[in-house]
Each structure stands twice: as structure tokens, then as C-alpha cells.
Amino acid sequence: MTEERVLEVWEQGLRQRPTTRGPLLATLAAHTGVEVTRLPLAALNSLLLELRSAAFGDTLACTADCPGCGEILDVAVSTRELRPPGADTESVPAEAGTATLATQGLAVTYRALTGGDLLAVDPDGPDARLALLRRCVVSVRPVQDPAQDPMREPVPDTVLEEVAQQLADLDPGADTTVALTCPRCHHHWSAAFDIAEHLWADIDGCVRRLLYEVHALARAYGWSEADVLTVSPARRQFYLEVAAQ
Ligand SMILES: [Zn+2]
């Protein structure tokens, strides 16, 4: 992960919505040779957790509102807690698996949601959720005649809702949650945790500090941005300190 690459990704991410930043940030770990758009969400989350842990450490500091009493809790979550149960990156499938559901006389074959689906569907568009689910449907055939060619008619929304209920089993870890207990009212609950959003905030903070350094060194020494980036962080720190004297 070079500084140039991080700057590039940050600039692209500024123009994007939170849902598409996950697949974008995962491209920073492209050394794995995986195609981010084909990754099921659990594998995408795993990659982002690994990236976060390598670049900024294991501990994620966040806050949560207790639904019981409204207390705002400061929570430290470890990237290890957020991995899908029993999964390391190697064991999370890099391709979306499929399964078939028989309902309303139809045999619906569907696949897990992928990074590509997040990029393809406008989260603010009409029926964004159904649009995502529709992309998961691989084929639909009558239950009575599974050898028949796949049907072309749109899948009823009620069938899509049934597919939605099955997706978590097909891709455990697609939704990351943290188990929390309120120290004030002892309420237990499971809070959603978005690793992409967290990693984006880390990268945004890091890039803004880097750009400030570029600014300060450019002003002090007349260096260009490219010049500054070729100087190691330790030497940059030295030059910044000297320039401030
Ligand atoms: Zn509480």
C-alpha cells in the first residue's frame, strides 16, 4: 500500500457514497490478486479487516448508543472479533456461492451479494434493496420441471424477500455485528459495525495529515508533492521540525 495509491483511492472515495467505498478500499489490498467485484461480502469484509489491522492496528475505537437507556458508550472492538466465525481470509470463499430455494412453485437459484453488486446499485435509488436482491437471482425454473429453460419473467418481490432471509446462511459474515452490554442498564444488544466506514475514516484522517505535511514542506523548502512523497516519513518529520524552528 503506497502513499500514492492511498491518495488515489482517497480522491476517488471522496466522490463516492459510503456503500461503494468498501469495494474501492479493498482494491488497496489488490496484492491478493482477487477481483473485488466478484468477492462475496464476507470475504470483502475480511479483506478490509485485514487491511485495517495491517495499516492502523487491531483496535477499532467507536461509540454506540444504548437502546435501553440512551447512554453513549465508548467501545473498543478488535478486528479479530469481527471476522466471520471460524474464518480466516484463506477460508472465506473468494467467489459467491449459490443455493436453490423452492417457493411459490418456483425453484430459485441465488448467489451471495458481492462487491460488484454494491457498486452497481444506487443506494439512494428507488427500491435499492430489491434491486440488490434481484441481482442475486441466478435463475428461476418451475419446481415441477427443473429441466426447463430458466424463466424470463421478473421474480415477484415476495420471492425476493424469501431470498433475502436465506442470504445470511449463504454468506455468514456479510453483516458484521458486535455484541454489546450497557454498563449502566445492563441491556444486551447486537450493533451493526461497518468496517468500510471505519477504515474510510482512518484513511481520510491519515491522508489529511499527509497532505498537511506536503503543504508545510512545500512552503518551507519549495518541494513539489511528488518530491515530498519520495522522502521517508521519518525524514519528513525531521524536516518539518527543523522548518518550524
Ligand atoms: Zn443502557
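This is a predicted model: local features need pLDDT of at least 70, side-chain atom pairs count only at pLDDT 80 or more; totals for chains, interfaces and linings use all residues.
Let's start with Cys-185, which is partly exposed at a relative accessible area of 33%.

**The zinc site**

Cys-66 (SG), Cys-69 (SG), Cys-182 (SG) and Cys-185 (SG) coordinate the zinc ion at 2.3 to 2.4 Å. Angles of 104 to 113 degrees between the four donor atoms make the arrangement tetrahedral. For reference, the ideal angle for four tetrahedral donors is 109.5 degrees. Along the chain, the donors of the zinc ion are spaced as C-x2-C-x112-C-x2-C. Cys-66 sits in the loop between strand 1 (59-65) and strand 2 (72-78), while Cys-185 sits in the loop between strand 6 (177-181) and strand 7 (188-192), so the pair ties together parts 119 residues apart in sequence.

**Aromatic rings**

The structure has four aromatic pairs. Here are two of them:

| Pair | Centre distance | Plane angle | Type |
|---|---|---|---|
| Trp-223 and Tyr-239 | 5.4 Å | 85 degrees | edge-to-face |
| Phe-238 and Tyr-239 | 5.7 Å | 75 degrees | edge-to-face |

Trp-223 lies in the loop between helix 8 and helix 9 (225-230), and Tyr-239 in helix 10 (residues 233-243), 16 residues apart. Trp-223 is partly exposed at 23% relative accessible area, and Tyr-239 is partly exposed at 29%. Ring pairs join Tyr-221, Trp-223, Phe-238 and Tyr-239 into a cluster.

**A glutamate in helix 8**

Glu-213 is part of helix 8 (residues 195-221). Its relative accessibility is 18%, so Glu-213 counts as buried. Beyond its neighbours within four places in sequence, Glu-213 contacts Arg-236, Gln-237 and Leu-240.

Note on methods: Residues are numbered from 1 along each chain as its sequence is written. Side-chain values use heavy atoms; hydrogens and water are left out. Helices (H or I, at least four residues) and strands (E, at least two) are DSSP runs, numbered from the N terminus. Buried means under 20% relative accessible area, exposed over 50%, partly exposed in between (1.4 Å probe, protein chains only). Contact means heavy atoms within 4.5 Å. Donors are N, O and S atoms within 2.8 Å of the metal (3.2 Å for Na, K and Ca); water is not among the atoms, so sites may look incomplete. Four donors count as tetrahedral if all angles lie between 85 and 135 degrees; four count as square planar and six as octahedral if opposite donors are over 155 degrees apart and all others between 65 and 115; anything else is irregular. Rings of Phe, Tyr and Trp (its six-membered ring) pair if their centres lie within 6.5 Å; planes under 30 degrees apart count as stacked, over 60 as edge-to-face and the rest as tilted.
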